[in-house]
Structures are given as structure tokens and as C-alpha cells.
Amino acid sequence: MAIRQSFDKALAELQQDVLRMGSVVEKSIYNSVKSLATQDPILAGEVIEGDDVVDRQRYQIEDKIIKIIATQQPMAKDLRILITGIRIIMSLERMADHSVDISRVTMCLVDQKLIKPLVGITAMAKLAQQMVKDGLDAYVHSDPEKAREMCEADDEVDHIYHQTFKHLVAHMRRDPETIGQATYLLFVARYLERIADHATNIGEAVIFQATGEWKELN
């Protein structure tokens with residue numbers, strides 16, 4: 001009984017660590033797009049520097065999981081919970097990397113007037129942030145249905161991405177002088193589309209944790 005209680009305590013602490021990392025990544029996504037929309041190089045720099053925090057969180061959580069596996073030798077669902085934790089922090093770390101990519105675009109465009117309002121990019125960012133939030137909530141509650149619902153939002157992100165792509169390409173054709181900036185904005189839209197894909201990976205991991213079945217949903 002004491003061993004089980006110790007294991008359950010370790011799992012609860014692990015979940016809190018993952019949630020803290022997720023909170024940092026959500027903020028990173030938000031601030032990266034805000035830095036672009038407001039052309040704020042200081043905020044962009046904060047996102048870039050903050051990536052080290054996410055990297056440290058990932059390695060610390062991985063170390064905890066490895067120690068739990070080595071000392072507790074979990075089986076079945078307990079082992080799936082730990083494997084899911086590893087998959088989630090890997091996805092979160094990649095999202096943070098893309099937030100850094102977006103912030104670097106901000107640095108490149110800081111002296112340029114934006115060629116168009118960032119309507120599609122802002123909408124993609126909001127959806128991606130909500131997907132991360134819902135995916136982590138599904139993880140904590142081991143809720144496969146919520147995870148599936150979250151993954152469905154990826155279709156809307158993809159739709160906005162394709163619309164944004166078309167609009168920016170059309171803009172470049174109308175005014176070749178905008179090709180440089182429009183290309184950077186295409187990169188940003190692609191980074192956000194990838195962030196949503198990684199959020200979907202979290203949903204897939206949660207479904208695996210709850211059911212033992214691995215299904216690709218994106």
C-alpha cells in the first residue's frame with residue numbers, strides 16, 4: 001500500500017510538472033504572435049530567451065519519468081501514463097521551438113509596416129492555444145473523448161492555414177515588392193499549423209494513455 005501511495009504521489013507531481021511546462025508554452029505561443037502583430041522586438045526577445053526554461057523543464061521531467069520507471073517498474077496503464085508524459089513534453093518542447101521561430105520573424109520584420117492585418121495568423125494562434133489547453137486538461141483527467149474533440153479543431157487550423165496561404169500568394173502576385181515579407185508570414189502560418197499538429201499529438205497520446213490504442217488523428 002505504501003509503495004502504491006508513493007507511486008501515485010509521484011504521478012500527481014509529474015502531472016503538475018507537465019501542466020507547468022504547458023502553461024509556459026501557451027504563453028510563449030501567445031507572446032510570439034503578439035510580438036509580431038505589435039512588432040515588439042523586446043517581447044520577441046523574451047520568447048527566444050524563455051526557450052531555455054522550456055528545455056530545462058523537459059529534461060527535468062524526463063529524468064523524473066526515467067527514475068520512476070527504474071525504481072517502480074510500472075506495468076500496463078501505469079506505464080502508459082509515463083510514456084504519455086514523455087510524448088507530451090516532447091510535443092510541448094517542439095511547440096516552444098516554433099514560438100521562437102515566430103519571434104525571429106518578428107525580429108526580421110520589426111522595421112517594416114505589415115502588408116496586411118494578421119487576421120488568419122491570429123485566429124490560428126488562438127485555436128492552437130486552446131488546443132494545447134484542452135489537450136492538457138484531457139491528459140490530467142485521462143479523458144479520451146475530450147482529446148478526440150480537441151483533435152478535431154486541427155481541421156479548422158488547417159482550413160485557415162490554406163486560406164492564409166492563398167491570400168498571401170495572391171498578395172505577392174499583385175505586388176512583387178511584398179514577396180519578402182509575405183514569405184516570412186507564410187512561414188509563421190506554417191509554424192502555427194505545426195503547433196496545432198503537435199497539439200493533436202498530445203490528444204493521440206492521451207487516447208493511448210486511456211485506452212492502450214494508438215491512432216493517428218492528423
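Colleague: What makes arginine 58 and glutamate 62 lie about one turn of the helix apart?

Modeller: In this predicted model, arginine 58 and glutamate 62 both belong to helix H2 and are four residues apart, which is about one turn of the helix.

Colleague: Why is the contact between arginine 58 and glutamate 62 called a salt bridge?

Modeller: The closest N and O atoms of arginine 58 and glutamate 62 are 3.0 Å apart, and the cut-off for a side-chain nitrogen of Arg and a carboxyl oxygen of Glu is within 4 Å, so the pair counts as a salt bridge.

Colleague: How do you know whether arginine 58 and glutamate 62 are buried or exposed?

Modeller: Buried means under 20% relative accessible area; arginine 58 is at 18% and therefore counts as buried, and glutamate 62, with a relative accessible area of 18%, is buried as well.

Colleague: What makes H3 and H6 roughly antiparallel?

Modeller: H3 and H6 pack at an angle of about 170°, with their axes 9 Å apart, and since angles over 145 degrees count as roughly antiparallel, H3 and H6 are therefore described that way; the residues of their contact divide into 21 nonpolar, nine polar and six charged.

Technical notes
Residues are numbered from 1 along each chain as its sequence is written. This is a predicted model: local features need pLDDT of at least 70, side-chain atom pairs count only at pLDDT 80 or more; totals for chains, interfaces and linings use all residues. Side-chain values use heavy atoms; hydrogens and water are left out. Axes are lines fitted to C-alpha atoms, for helices over the stretch in contact, and angles run from 0 to 180 degrees between N-to-C directions. Helices (H or I, at least four residues) and strands (E, at least two) are DSSP runs, numbered from the N terminus. Angles under 35 degrees count as roughly parallel, over 145 as roughly antiparallel, 65 to 115 as roughly perpendicular and the rest as oblique. Ala, Val, Leu, Ile, Met, Phe, Trp, Tyr, Cys and Pro count as nonpolar, Asp, Glu, Lys and Arg as charged, and the others, Gly among them, as polar. Buried means under 20% relative accessible area, exposed over 50%, partly exposed in between (1.4 Å probe, protein chains only).
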